[in-house]
Structures are given as C-alpha cells and as structure tokens.
Amino acid sequence: MSLAPQTSTESSVNQTRGPIRQWFYNIYYTTVTVYKGMSITMRALMKTLGMRKIAKGYDYGAGPITISYPDVKDAIPLISRNRLFNHVEGCIACNQCAVICPVECIDISSRKKTADEDLDAKTPPEFGSKPLKLKLLKFSIDEALCCFCGLCTEVCPTECLVHTPEFEYSKFDRDKLYYDYLNFDDDNPLPKA
Amino acid sequence: MSTENQVTYKDDHFQTQDMTINMGPQHPSTHGVLRLEIVSDGEVIKATYPDIGYLHRCFEKHSENREYLQVLPFADRMDYLGAMNMELGFCLAVEKLLAAEIPVRAQGIRVIVAELNRIASHLLALGTYALDLGGFTPFLYAFRDREKILRMFEEICGARLLYNYVRPGGVARDLSPGVIDQIKDFCKYFVPQLQEIDELLTGNNIFVHRTANVGIIPLDKAISYGFSGPNLRGSGIAWDLRRAAPYSGYEKYEFDICYGKAEMGTVGDCWNRYFVRVKEMFESIKIIEQAVAQLADDGHMGRVAKSVKPTGEIYMDTECPRGALGYHIVADGSKKPYRVKAKSPSFISISSMDEMCSGMMLADVVALLGSIDIVLGEVDR
C-alpha cells in the first residue's frame, strides 16, 4: 500500500466552462462525491453490524467504538495518573513531594519523636523498611489544586504516595476534595491497594 | 443628531452603515475562547479585530518562580493538543544550555511520541474543521483514531493529554515492548483509516467549494507575518524545521516535506492548508515506523541532575503541530529560570486575521479560522 493520499484532483472548482454546463457539472460532481462519502459511511455501518466481512488491515477498529460508560467500564492502564493517595503508614515525612509540587497543593507537618515514642520504628516492608525518625502530624492534599503531573510520586522515597487509576471521585463541594490522609474520611473511599 | 447616521438618498442609492458583529468567545468554531470583532458591510467583511487574553494563565511569569522540572507541567498546558512537542522544545532548550548528552534511545522515543502527538493534533484539527463546515462523519472517524493514540500515551506515560513525559536529559520512563508493538500495529492500522478519511472529505465537492480559493495568504505575506508550520507550507514553500535545523535525531529519518501544490484552489488558501495537514500525517507515520525500527538500546535517561542549574541565554525552536514554537530562556545559574519567553505560532496566525478576512464573506470566517488551526492556550500562554 502506498503511503500517499489517494485524492482525485478532478473537481469543479478550478475549471472554466460555460455557465450552463458549469451548473450541471456542479450538480453532477457534488452527487458523485457525496455518494462516495456515503458509501464509506455505509461500509462502516455494515462492518459494525457484522453484515460485511472485515477486510485485512481493518481488523482492529471495525465494530462499535463507543462503550456505554457507567454500565461498561474501560480498562484503564495501571500507571494512569488519576487520584492521589498516600499510604500514611509508609510516609517518613521527608517533605520532598511538597517541595517539588508545582502548584503547592501538598501540606505536611511533622515533629521529632520524643523519648517515650518508638524511636526504632520502620515503615512496612512494602514501603522499603525505612526508619521513621519523624512523627507525621499532618499530611493533606488539596486535590482540587492538583495538576496530575506525577512529580510528587516520582520523588517519593518509600513510594507510599501514589497516583491511583481511580478517577470517579467528583464532589459537589470543592472543600471536600481537601483530603487529610491521617484520618482519611471520604464518602467515596479507595479500594484497598 | 448628526446627519451622517441618517439614511439619506444620495445619487439614487442607499447609503449603508457598517455593522459590528461579535463572534465568540463562546462560539463553538473559534476553538477555544477567542473573540472576534468583525466590522462588516452587509455580508462582506471590512475589518476583523481578534480579542485575545481569555485564556491567559501567566505561564511565563509562573516559570520564573519554579524550578526547571516544575516548568514542564506549565509547558504542557500551553498547547494542550500537542503537549509532547511543547515539552520537547523546552527540554531541548535546557539541554542545549547544559550541553547535556542525550541517549540515542531517548531521542528515538522523543521522535516517536512527538510524531504521534502531531498526528493526534492534526486529526483533531481535521475533524473539527470538517465539523465546522458541516461534515459530521470525518469528525467521528478522526476522534476514533485519535483515541487510540491517547490510549497509547496513557500506557506510555500515564496521562492522556498533559503528559509531563519528556524531561531534561531524556524521557521519564522507557517504552515497554508491549507499547512498541502497539505503536507498530497502529501504524499499520492507521494508513488505510486515514486514506478513508481523506477519501471522505478531501475531494468532496461541498467541502472543496467551502475552502478552495477562500482566505488566501500569499507566500510573501505569510513570510512577512512570520508564519510557520503547516500554515506556511500551505502557502507553497517546503520549509520545515525538522529538515532545516534538525533536532533530536530528525536528520536520520527520511520523509518528504509537504507543501501546498494547489491540486485544487490556489496556493495559500484554506484547502491547501488543510491538505498539507493530511499529507503530513502520512509522513509522520513514515517517521514513526523508521524511528521504531531504529530504536537504540542505551537507556532512556541521560546523566542530568534532577534539579539543573544552567547558565546563559538560548533560543530554541522546534516544529510543533502548529508551527515553529520557540523558547527563549535566560538562565542565571540558579535553580529557576530568570526569564522564559515562548514564541507562539498560533499568535502569529491569528495576528493575520484582519488582512486575510477583509473582503471575505462572513460565512467564510469559520472556514478560515479552522484552517489556521489555532489553540488559544498557546496564543495567550
């Protein structure tokens, strides 16, 4: 198959005829080109209905394209960057995500541990078993501001801050998109990862 | 009351008044929030004043307060239909300042994603252009194929429109073998589909009569305005930055530069600008096929620090879907750029509206506006 547009250069636009001939030619040519377009549409329709055999090269793409969304859900790639979630048990309060965020939507505060607290605590093994030297007091993200650039999840040393493929968390109130992950309370919670 | 505004009979004909028509910013065929103030005499346009600024988001000022890595999400949001190309230009400028060496594989991946993004952008331009002029089917076909590209991007980098994928030093993550197979499949699948869209629309007599010989911008005018990209090539010159000043390894790939040859209409009219985009998509497929075949194996990220501190001043322009978009960066050796200025091709296209429109019929403004393919995010920055 040649990699070139297969357009016929014949048209009624650049030609000079007598006015009567031009008038009839316009009608003729418009009918021909509209028929050409409609035949393509019909071909696609027949393929969709299964009445026409799908030619080679068309094999992926024929058939219905749209899905009826709330009933049927499309599979979203796992690396898709949607809603942010922080697994606070793995957070070491290093503040790197808050620093790199271009829109400054992450808010962290922490303090040094006192003597009566567990100084040798470590993050769970799925978050890298890093020493927890600081006590996390607050980890909140205003997801109404988030621009989904993914920079915060890349710098996270324990990979506890993640973009999940979950995208259905719209709210009627913008304040409800302000999430405090230490006492995470949402009417639309995440499934356990 | 002045006598000028009164309708008087003079030399046996009516004196008419000019009418000012407001088009946009909510008009569907201004492709964003553009307001056009059109002064018309009956149906003939006398003057057009584009009113921009509805989508101004202070990209350039924001960049002065962000690190180089943090500027990339803002660069994405300039031309949200060709975000990969926006990032690529910015990263190339920063890398040139750092004199960084980029792995060959990263360059190949950049070319692949940039060309895929160019196809997606041209498909949208083509589909909405047909929609503006009354053809509904090409719009659906174009969006069907664009959707496949966006899904591949989601697999590659996790986002559909605003990628944040190209970074100073390389790209954020490697192409997986599965995605490479998908891209190969897409190239095979897309060529017959595009030929179908082309057959559907390009020769259609109604479409040709709406676009051919409409909104002509001759070559000398186009050059003096500073046109670039498909709009310049539609005026009949084979000028492409990918060939004229190759970046990211474009010199390795064989492709033709498509320019308006007036198969129909006149060189520089709406039809020729449209057809340049159609032909360019075939060339992009050629480039992608070569780039996939030539992918090296030396890693996707070069030795560039996360927070870079370049020094100096640079202007780097790349061939984006809408033309040559240039970044002028002044770096003072700190983590943040001192000044970032983006030269936008859409801004130049829209600045010529007045001249292109005058003498035109009112209904043709839609045809002209669609054919210069502007993105308002890039005009206002």
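This is a predicted model: local features need pLDDT of at least 70, side-chain atom pairs count only at pLDDT 80 or more; totals for chains, interfaces and linings use all residues.
Helices (H or I, at least four residues) and strands (E, at least two) are DSSP runs, numbered from the N terminus. A residue is buried if 20 or more other C-beta atoms lie within 10 Å of its own, exposed if 12 or fewer, and partly exposed in between, with C-beta atoms placed from the backbone.

Residues are numbered from 1 along each chain as its sequence is written, while chains are lettered from A and ligands numbered from 1 in the order in which they are written. Local features need pLDDT of at least 70, side-chain atom pairs count only at pLDDT 80 or more, and totals for chains, interfaces and linings use all residues.

In chain A, 3 strands form an open antiparallel sheet in the order S2-S3-S5. Two strands pair if DSSP finds at least two bridges between them.

| Edge strand | Span |
|---|---|
| S2 of chain A | residues 106-112 |
| S5 of chain A | residues 178-180 |

S3(A), residues 134-142, pairs with S5(A) over 3 bridges, and A:Ser140 stands opposite A:Asp180.

B:Ala324 lies in strand S9 (residues 323-332) of chain B. B:Ala324 is buried because 23 other C-beta atoms lie within 10 Å. Its C-alpha is 8.5 Å from that of B:Phe227, 97 residues away in sequence.
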